Amino acid sequence: MTTSNSTGNLGSKLAPHVEALKKQGVEVTPDASSRHLHNGIDTPLPPADLHGSYTNNRPLPTEGITERRAWIIGSGIAGLSAAFFLIRDGHMPAGNITFLEEQEIEGGSLDGAGNAEDGYIVRGGREMEMTYQNFWDVFSEIPALELPAPFTVLDEYRIVNDADKNWSKARLLENQGQIKDFSTMDLTRRQQLEVIRLLLARKEDLDDITVEQWFSGGFLSTSFYTFWRTMFAFQNWHSVLEMKLYMHRFLHLMDGLNDMTSLVFPKYNQYDSFVRPLMTWLKDQGVNIQYDVIVTDLDLDLDTGDGTRTVKTIQCHGGDGDKTFNVGARDLVFVTTGSMTEDTAYGDDDTAPRLKDSDKAGRGSGWQLWRNLAGKSEVFGRPDKFCGDIPGSTWESVTLTCKPSPLMDKLKDLSVNDPYSGFTATGGIVTFTDSSWLMSFTCNRQPHFPDQPDDVIVLWTYALLMDKPGDYVKKPMPECTGKEVLIEMCYHLGLTDQLDEVLAATKTRIALMPYITAQFMPRARGDRPQVVPEGCTNLACMGQFVETHNDVVFTLESSVRTARIGVYSLLGIDKQVPDIYPGQYDIRRLLRATRTLNNNEAFLGEGILRRLLGGTYFENILPLGPDEDPADLHKSGLFDNQLQVIRRLVEENHTLDEAKGWVQGILDRLRGRG
Ligand SMILES: Cc1cc2nc3c(=O)[nH]c(=O)nc-3n(C[C@H](O)[C@H](O)[C@H](O)COP(=O)(O)OP(=O)(O)OC[C@H]3O[C@@H](n4cnc5c(N)ncnc54)[C@H](O)[C@@H]3O)c2cc1C
């Protein structure tokens with residue numbers, strides 16, 4: 001048997017099977033979109049996107065694991081997760097793991113700091129959902145913050161969200177504080193076809209194409225696109241491939257897009273909810289962390305014979321000078337390539353943020369390290385595609401620390417529960433649709449910080465369009481002080497006659513992030529490195545700027561996924577990291593999404609489906625209209641109406657051949673052949 005020394009007799013009675021599995025090999029990252037789902041003698045492993053208990057098996061240790069060391073560059077959620085999987089699934093002693101972190105605190109983009117006096121600050125909030133499978137896997141094992149052992153962060157999260165459904169009653173506002181109808185997607189038939197056409201397009205055919213190149217001008221003015229771009233922070237000049245991936249990844253959430261019922265949220269800010277408990281667990285296990293260390297480069301040994309690349313040394317500098325760490329051939333290096341929050345500029349009530357070196361895109365340490373790697377070989381991708389256009393990837397957020405004022409009274413009107421009750425308040429962002437900055441704000445469950453006083457509420461606001469003057473404060477947002485941003489927000493809430501009271505009761509802290517949407521910039525094959533770039537024997541890339549088959553970026557989940565793939569791949573662990581949750585292949589979700597995109601009205605063919613399935617075992621796969629109940633599925637009205645429509649269509653086209661031609665024309669247009 002060739003299992004590990006450290007395994008000892010572990011699994012010896014399973015030796016034939018352990019050996020056979022080694023020979024057979026396991027594809028760590030199966031791609032569900034590229035294979036035909038079936039059962040056969042060629043399917044010993046679970047389907048590529050199976051999630052759940054059967055995939056929660058624990059792999060055996062690999063050979064010599066106790067003698068190997070791991071260096072993790074960056075302690076964002078990707079880095080922290082890499083350490084988690086090294087310990088749990090790789091069986092690496094925690095003391096063999098060392099983080100090298102530029103900042104003086106762990107967490108990276110997952111921040112949360114300040115106090116009620118000086119003002120709290122979070123660069124962002126976290127819209128989350130239930131199928132962050134890798135993320136929830138980690139937090140189903142991390143001890144809870146406020147419950148005793150054996151409860152976990154996931155247990156706590158479930159209690160909060162199961163008892164307090166997230167939803168929004170004021171998703172869109174206009175005319176200085178008036179709620180705008182947000183009940184439908186507001187898409188014409190033609191615009192729905194634009195979405196379907198994107199869903200049908202092959203990923204390989206969308207290199208470097210932007211959202212505005214794909215969609216019509218009319219589409220970009222719909223409510224659907226307003227929900228979409230403000231919720232996920234898409235810009236018209238971003239990659240339409242990313243938009244497609246989002247549509248597949250979150251198709252099962254389509255009917256909760258307008259009222260935010262598709263989302264779940266943590267109780268506190270993301271640092272206290274996730275980073276603090278995970279780091280506490282890692283430190284308890286014995287990991288090492290060195291703060292204030294910037295990794296500048298990795299020296300690679302290139303074997304021209306077999307094309308392998310092996311990290312030999314890690315070059316750093318920090319508070320106590322330059323350092324070099326030697327890396328053994330069997331040691332592992334995990335590097336976070338690029339960061340969306342690199343070089344954040346801060347401001348406050350009276351100070352506008354100022355970007356340092358805004359003319360020198362990609363000079364921050366995360367980008368520079370990636371660029372240095374990319375300079376060694378094209379297998380490391382093209383970082384400049386992501387960090388090379390600061391105006392295209394910047395936006396700003398402002399955290400408001402609020403004592404009672406007319407702003408809080410207005411907030412109560414727009415919230416689904418009393419914001420001081422601890423329950424869901426605005427239920428996600430509220431967007432001012434007539435704001436030139438395209439400004440949104442949100443009030444998450446309070447307190448947002450564990451030490452927050454009872455009379456304080458923390459709000460967060462952001463805007464997408466950085467180059468336009470405001471509607472009341474006639475300056476672009478990045479030129480404004482915190483007070484000016486607050487005034488602009490008050491204007492859109494209809495509070496201009498109470499500005500003095502609001503300003504006196506509110507503290508602002510600004511974060512201007514030059515690369516916040518760098519991960520959405522138009523890209524093509526090869527721009528992002530593979531998790532383990534070709535030839536690398538002991539180096540994995542992780543985070544938001546790394547290739548996966550189908551996952552999206554700008555999520556916690558994808559950072560955790562890439563870290564997990566890196567650990568399994570470098571250690572040779574015989575275990576799959578399942579592909580994304582397969583909601584897009586669930587006929588119920590597909591039908592529901594189709595109706596949602598059709599502004600909640602019955603789509604063509606729905607009547608026939610009802611006639612076919614109503615009253616059968618499968619009737620509940622059918623979507624219901626807003627005022628319908630399941631009994632309506634048995635009624636024939638919709639079928640009769642749709643039959644009439646189809647009959648008229650055929651009659652108008654005179655002959656069957658013309659009707660066939662009409663259908664073929666639509667199909668060709670959808671598949672991009674028309
Ligand atoms: C404003 C905002 C809103 C967001 N909203 C959501 C949301 O709603 N839902 C969701 O799922 N996700 C959201 N995200 C995304 C999510 O937070 C990130 O994708 C994730 O936290 C990124 O983690 P990471 O570990 O990959 O990278 P980062 O968090 O960027 O961490 C990188 C770390 O590496 C360190 N580092 C970089 N280079 C070096 C170097 N050379 N030497 C040493 N250290 C280095 C950095 O200091 C940092 O600590 C949001 C993020 C932001 C900022």
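In which sense do E8 and strand E9 pair, and over how many bridges? E8 and E9 (residues 308-318) pair in the antiparallel sense over 10 bridges. Two strands count as paired if DSSP finds at least two bridges between them. Helices (H or I, at least four residues) and strands (E, at least two) are DSSP runs, numbered from the N terminus. The structure is a predicted model: local features need pLDDT of at least 70, side-chain atom pairs count only at pLDDT 80 or more, and totals for chains, interfaces and linings use all residues. Residues are numbered from 1 along each chain as its sequence is written.

The E8-E9 pair belongs to an open sheet of 3 strands, in the order E8-E9-E10, with antiparallel pairing. E8 and strand E10 (321-326) are the edge strands, each pairing on one side only. Neighbouring strands of this sheet are turned by 25° against each other on average, direction ignored. Val293 has Gly318 in E9 as its bridge partner.

E8 (293-303) also contributes to the shell around the ligand. H2, E8, helix H10 (365-376) and helix H16 (556-571) each supply at least two residues of that shell. Of the 36 residues around the ligand, Gly74, Gly76, Gly108, Gly124 and Gly366 come nearest. A residue is near a molecule if its C-beta atom, placed from the backbone, lies within 6 Å of it. By class, the shell has 13 nonpolar, 18 polar and 5 charged residues. Ala, Val, Leu, Ile, Met, Phe, Trp, Tyr, Cys and Pro count as nonpolar, Asp, Glu, Lys and Arg as charged, and the others, Gly among them, as polar.

H2 (residues 77-88) also meets helix H9 (residues 270-285). Their axes come within 11 Å and cross at roughly 40°. Axes are lines fitted to C-alpha atoms, for helices over the stretch in contact, and angles run from 0 to 180 degrees between N-to-C directions. H2 and H9 are therefore oblique to each other (under 35 degrees is roughly parallel, over 145 roughly antiparallel, 65 to 115 roughly perpendicular, the rest oblique). Ile77, Leu80, Ala83, Phe84 and Ile87 in H2 meet Phe274, Leu278, Met279, Leu282 and Gln285 in H9. Contact requires C-beta atoms, placed from the backbone, within 7 Å. The H2-H9 contact has 9 nonpolar, 1 polar and no charged residues.

The axes of helix H18 (residues 606-613) and helix H19 (residues 637-652) come within 7 Å and cross at roughly 135°. H18 is thus oblique to H19.

Definitions and conventions
Contact = placed C-beta atoms within 7 Å.
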